[in-house]
Amino acid sequence: MPIVEVYGVGKYGVVKDIAPHLLPAEAWTDGNNVRFTLEVVKRTEGRTQIFDPPPVIPAFIMGTQSAVEFLWLYTSLSKAYAIQGVSHVDITRVSGDYTASLAREWNGVVFQGIPIVNNGIDVPQQWATISTATKLTDLPNWPAAKRAKVIRAFKSFLIGLNITESSVNKPHRVLWSAAADPGTVPVTWDIADPTREAGQVDLSDINAGFLRDGGSVGDAFALYKDESTWIMRFIGGQSIFSQHQVSSSSGILAARCWTPVL
């Protein structure tokens with residue numbers, strides 16, 4: 001029986017949705033406990049425990065870098081913890097537990113070096129100093145009667161999406177802060193202050209579903225609903241931001257269901 005040499009056997013990986021006779025020689029029709037990298041096939045090396053088991057069930061996790069070390073910040077439905085080395089340290093706010101009811105409610109962003117986490121029910125939380133000796137605290141200057149489903153960062157602004165105000169949900173509303181100085185959080189979200197940049201807008205396509213998420217895409221900020229996509233750009237002046245719809249037929253299913261591609 002002749003021997004056929006095949007090079008680049010890790011080029012395509014496992015392909016199950018095309019008939020085997022239509023595949024190139026480098027493709028595999030099945031595999032188990034292997035991984036494909038650098039065009040070669042390697043045995044999966046398995047898993048090893050790095051950290052001690054967490055004291056709570058993690059619902060959300062994000063990496064944070066201080067001046068001296070890298071720490072993981074994670075939340076359960078009611079607690080916040082930081083991983084330092086192999087230790088889990090409780091950094092829940094001093095005032096008490098959080099009240100998230102679903103894991104997907106949590107989201108977060110590092111804004112000008114300051115980690116901020118949010119669940120849409122409690123006041124957004126900041127980690128003012130990235131250290132296990134510091135507890136999370138309420139985000140300063142956040143409007144007491146408002147909550148945001150999602151908080152993201154864009155340039156020197158924080159942006160809240162899908163706002164609830166005095167227990168009334170405004171699912172099409174975008175709220176942005178005043179511009180913050182480097183290394184600080186915004187000093188106000190007061191949309192009535194003409195000396196500051198804070199403002200809000202309701203996206204007009206109410207039949208396209210609710211605002212789910214958003215994020216920086218190059219020099220713009222993308223806003224995603226269930227069935228539409230908008231772009232927001234900083235223009236300054238009285239409007240501060242412009243908004244225009246770029247798709248009336250596609251959006252995202254839920255928060256964190258997007259990634260920037262430039």
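## A buried threonine

Threonine 75 is buried, with a relative accessible area of 0%, where buried means under 20%, exposed over 50% and partly exposed in between, using a 1.4 Å probe and protein chains only. This threonine is found in strand E4, residues 70-75; strands (E, at least two residues) and helices (H or I, at least four) are DSSP runs numbered from the N terminus. Leaving aside its neighbours within four places in sequence, threonine 75 is in contact, meaning heavy atoms within 4.5 Å, with Ile57, Pro58, Ala59, Phe60, Ala80 and Trp106.

## How the model is read

This is a predicted model, in which local features need pLDDT of at least 70 and side-chain atom pairs count only at pLDDT 80 or more, while totals for chains, interfaces and linings use all residues. Residues are numbered from 1 along each chain as its sequence is written, and side-chain values use heavy atoms, with hydrogens and water left out.

## The sheet that holds E4

Strands of a sheet pair through backbone hydrogen bonds, either parallel or antiparallel. Here, two strands are said to pair if DSSP finds at least two bridges between them. Strand E4 belongs to an open sheet of four strands in the order E3-E4-E5-E6, with antiparallel pairing. Its edge strands, each pairing on one side only, are E3 (60-65) and E6 (87-90), and the twist averages 25 degrees from one strand to the next, with axes being lines fitted to C-alpha atoms and angles running from 0 to 180 degrees between N-to-C directions.

E3 and E4 run antiparallel and are joined by six bridges; methionine 62 stands opposite leucine 73 in E4.

## A second open sheet

Another open sheet of four strands has the order E11-E12-E13-E14, again with antiparallel pairing. Strand E11 (146-154) and strand E14 (199-202) are the edge strands, each of which pairs on one side only, and here the twist averages 30 degrees from one strand to the next. Four bridges join strand E13 (residues 168-176) to E14, and these two run antiparallel; the bridge partner of tryptophan 176 in E14 is glycine 199.

## A hairpin

E1 and strand E2 (residues 40-43) pair in the antiparallel sense over four bridges, and arginine 35 stands opposite lysine 42 in E2. The two strands form a hairpin with two residues between them, and leucine 38 in the turn has a positive phi of about 55 degrees.

## Before strand E1

Valine 14 is found in the segment before strand E1 (34-37), and valine 14 counts as partly exposed because its relative accessibility is 34%.
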